[in-house]
Each structure stands twice: as structure tokens, then as C-alpha cells.
Amino acid sequence: MRKYLLPLSACALSFAAGAFISNDDPKKPITAEIADVASRVFGLEFTAAERDSMLGNLNELREDYDALRKIELNNEVAPALYFNPLPAGFKLSTGAASFKASVPDKVTLPASRDELAFYTVAQLGQLLRTRQISSEELTKFFLNRLKQYNPKLYCVITLTEDLALAQARKADAEIRAGRYRGPLHGIPYGAKDLLAKRGYKTTWGSVPYKDQTLDVDATVIKRLEEAGAVLCAKMAVGELAWGDVWFGGMARNPWDPTTGASGSSAGSGSAVSAGLLPFAIGTETLGSIVSPSTVNGVTGLRPTFGRVSRHGAMALSWSMDKIGPMTRSVEDCALVFNAIYGPDGNDPTVVSAPFRYAPLPSLKGVRVGYLKKAFDSAYPGKESDQATLEVLKKLGAELVPVELPAIPASRLLIVLNAEAAAAFDELTRSGKDDQMVRQIKNAWPNEFRSARFIPAVEYIQANRLRTKLINDMHAQLKKAGVDVYVSPTYAGGNLTVTNLTGHPCVVLPNGFTNKGLPRSITFMGQLFEEGKVLAVAKAYQDATDFHTKHPKLN
């Protein structure tokens, strides 16, 4: 039986490798001794005869690597293997989509225009539809706020002012002519600077790409243009979608500008929170909508994997990346999502499934799961989360205990690291990763390099365990008989599990720390059932007022 070894220390491994590989000749033929050292990286031991037998294959494989690296692969080229989050036996919803927004209260233009900064998309849409304000006036209002506060918040990478004013004037002309496109017509917004727009830089927040322009419009941006929305800015993104630090500085939290806005949709969260834009688009691979929504006190929707096309968006992990809106309210998320979801013919992972949304009159009789073990544990913000459960009970929800699968999901994140390293393979091999701002151990340059040592076999095994995680998750929810469950945003491991399984979530404010900073709660839905989770989350949000609180800007 093959022996499994304890890992060598870094020092011992370096010494052993150095004994066989000269620093000035990295292409020296692989020897049995090198194979012995290398095998210890992934914890296996081979006999001398086995190592000797492998040498021909190993040297030929390295020649294959060299040959394949000569073929250019841009970031947008996806692997031929596409991730499918559907469990065995899962039935997708069929039939027509349907969307029914809340009946709005009468909205009038405020005496002080500054109050418009914190109006919802739905409210601003009413003002535009009834022509109480023009899109051009509204756009100039938000452009001015972006210019005024960006020097303090570092939330914008590129203003798209000329484009925004042209789009706003077009919206006004269409509305005057009776060609009203819907609730986003004339509404200003921002897009995380992972999304391409022709004529403007798409920097990915990173030094090596800070002058990059891409001759493509991301599908999400195209669909928002079709809905009549007005692109005002490309928002700050943590460098290559990690954290809140980009080449221009650290995106700031308007509740406390001495702190970061969290990442990597940092600029989107900061700007919406500060009232610089009514909504913004974020992306998430492992918390990049959830975390900045939490920190900045906004409402975010992370859709099901395969709901929104990623065409024209930077790829970090082809099997985990997702795109969604960050807004002031749950229903605003629904309004934006309704404009951007569905296949486009360019992203083969996107599934055709109907989106059905309608507000719930109450939660009476609705079974809502809750992660009992997570809620029972000790963690920051527990008091706010317990209060959330009490509100749900008062609204009539039947709370049903649910548990996550026992598989250690955090161990499966080699999937993310391997895919990210592949997405930025050329950056590592060229040495341009040295130009990136963050060069600490816990940053992309080191992670990309380290991921080179993840064996292909282990990557595939992790994905096989991911299949088991997906099926086990489906079984747990089916056993509990729930379509929606609630989870602490961070405690209990839900964030990692569901980013791997592809489930949708809505994260929204549910309290404040003793320092006055926002906390959040997470509502989870079944795959491709964003409508149900949005409806339950809206019922909770309507019963509270945390989303109506805003930071005071100097």
C-alpha cells in the first residue's frame, strides 16, 4: 500500500530540492531524487523502482507544459469542464417568469435634494416615471456626490461621466416620448471594475492591469443599458478580487472611514452605503458581496451559480464566480436582478430558469429553516441574530432546525486556489505579480505560487467531494422541508459551504455593534429560487428599520 508521509518542513524541502536542482538551470532533467522530494509536497512516498519508472513520464509532462504555455490564453478563456450545481434528482422550475413589485407609496420630490441620496431604486423610479425629476438631473446629482466623497472613500476607480450624461439624456427623451422601459429607466448605478465597458478602462483593481481596456461590454452592463440604467462609475475592487485594497488605496467604510469597506466589492458597498449611487453591481466567489454588504450596511443578493452571465467579467474561479446587485433594500435587489438574469449565449454555465417574485403578505405558515448549531454557538453579533429569529416568529414563520453537511468545506477551497492560479498563470510566470500592492503571505501573489503545487488529482478529488457536498446539502434541505433558511452571516461555515454549492443568498442589515457599525443576517434559498428567498427576506426587512439607517458623512 502506498505510504502517506507527514509534510516536510519548508526548510527541509528547500534544502532537499536545492541538493538536486541548480538555481541556474530550472530545466535540468528530473531525477529520481527530485521525484522523491516532489512527492512529499503532496504526502506520498514511492519506492526507488517506482520513482525510476516515472522519470520518462515526468520529463515528457514537463515538455508538454512548456509547449502548452506557448499558446496564449486570455483570462476570458474558460476550461472545457463546466461546473453544474444541480444535485442528483433536482428538478428545475419550469414555466413562465413572473414579477410583481410592491405597490409603492406615493413618492414626491423632497424639498431638500440631498434626501435623494438615500431614496431606493423603486422610489427614484417613481420620480422619473412621473417626470418629477429628469434622469439628467438625477445623474448629475449622483456624479457630484461621487466627486465630492470619493477623495475620502476611494470607492471609484473610473468615473464614466460622459457616458452617464449621454445615457441619462437618452432616458429622458424616451420617457418624454412614452417609451418607458421599466423601474430602472434613468436610474444611475455603478459597476465593480471587474466588468468591462468599451471605451473605458477595466483595471481589475490591479497594478499590472491598471491601464487595461477591453473591447467588449459585459453582459450585465448591456442588460442594464437595455433596462435604461445609467452607468456613472467603475467601482473600486480589491486587487484581483481580494480585499478592499486596490492600486489607488483602500476603499473606505463610510460608517468609519478609518476602516476598510471589506472586499472585494468594496467600492460598490461603500458607494451605495454613502448615498453616492442608488445601486451597484458586485461579484462574489467567496464572500465578496456578502462581506462588503455586511460591513457597509447595505442589502446584497448573491444569485445562484449559473443565474447571471459572467461574459465580460474577470474570471477568478470559473466554478465559483457569481454576479449580483448591492442596493438599499431587498426589493431593489429584486428589481435589478430581474433585469440581469438569464442566458446570453456567451456563458455556457447559465441556466434557463424562470424568476418568480412577489412580496408575501405575511410569513404565517411559512417554514423557514435556521442553522441551529450555528445560532447556538458563541460568536460576535449573536444577540442581533437571536432578535432576527424572534422577529420571524412574530411574523408567523415556523422555524425549523437545519444543519449543514458534515463535509469540511474549507478543505475544498483548493478548488478556488487552483482555478485562480490558472486564471492568472501568465502573471505568475512573467513575474509581474511582484507589481501587485499586497505582497504579504495572505495575498494573491503567494497564493498563486503556492497553488502550483496542488496536484491535478487532488483538485479533481476535491471536486468529487464537492459533488457529495451538493447532494448532501440537497438532502438536508429536503429532509427539513424548507425552501428558505436563515444563517448567521459568518458563524457556522454557511458562507463557505454555499459558495461551493452555488446556493443563492440575501444578506441585509439586522443591527449594529457597540461601536455603531452595521451587522447583518443571511437568508438562504434553494437553487434557482431567488424569488422565494427575496420574498421572505423582504418580509423581515419590512418589519425592521436597520436598512433605513445611514452613515453621517462630513
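Mentor: Ground rules. Residues count from 1 along each chain as its sequence is written. This is a predicted model, where local features need pLDDT of at least 70, side-chain atom pairs need pLDDT 80 or more, and totals for chains, interfaces and linings use all residues; side-chain values use heavy atoms, without hydrogens and water.

Trainee: What makes the protein chain as compact as a globular protein of its length?

Mentor: The chain has 18 helices and 19 strands. These are DSSP runs, helices being H or I of at least four residues and strands E of at least two, numbered from the N terminus. The radius of gyration is 25 Å, close to the 24 Å that the globule rule gives for 554 residues, so the chain is as compact as a globular protein of that length. The radius is taken over C-alpha atoms, and the rule is 2.2 Å times the number of residues to the power 0.38.

Trainee: Why is Phe-90 called buried?

Mentor: Buried means under 20% relative accessible area, exposed over 50%, and partly exposed in between, with a 1.4 Å probe and protein chains only. Phe-90 has 17%, so it is buried. Phe-90 sits in the loop between α3 (48-69) and β3 (98-99). In the whole chain, 53% of the 554 residues count as buried.

Trainee: Why are Trp-444 and Phe-448 called a stacked pair?

Mentor: The whole structure holds 19 aromatic pairs. For Trp-444 and Phe-448, the ring centres are 5.0 Å apart and the planes lie at 10°, so the pair is stacked. Rings of Phe, Tyr and Trp (its six-membered ring) pair if their centres lie within 6.5 Å; planes under 30 degrees apart count as stacked, over 60 as edge-to-face and the rest as tilted.

Trainee: Where do Trp-444 and Phe-448 lie?

Mentor: Both are in helix α15 (residues 444-451), four residues apart, about one turn of the helix.

Trainee: How far apart are Phe-90 and Leu-527 in sequence and in space?

Mentor: They are 437 residues apart in sequence. In space, C-alpha to C-alpha, Phe-90 and Leu-527 are 9.2 Å apart.
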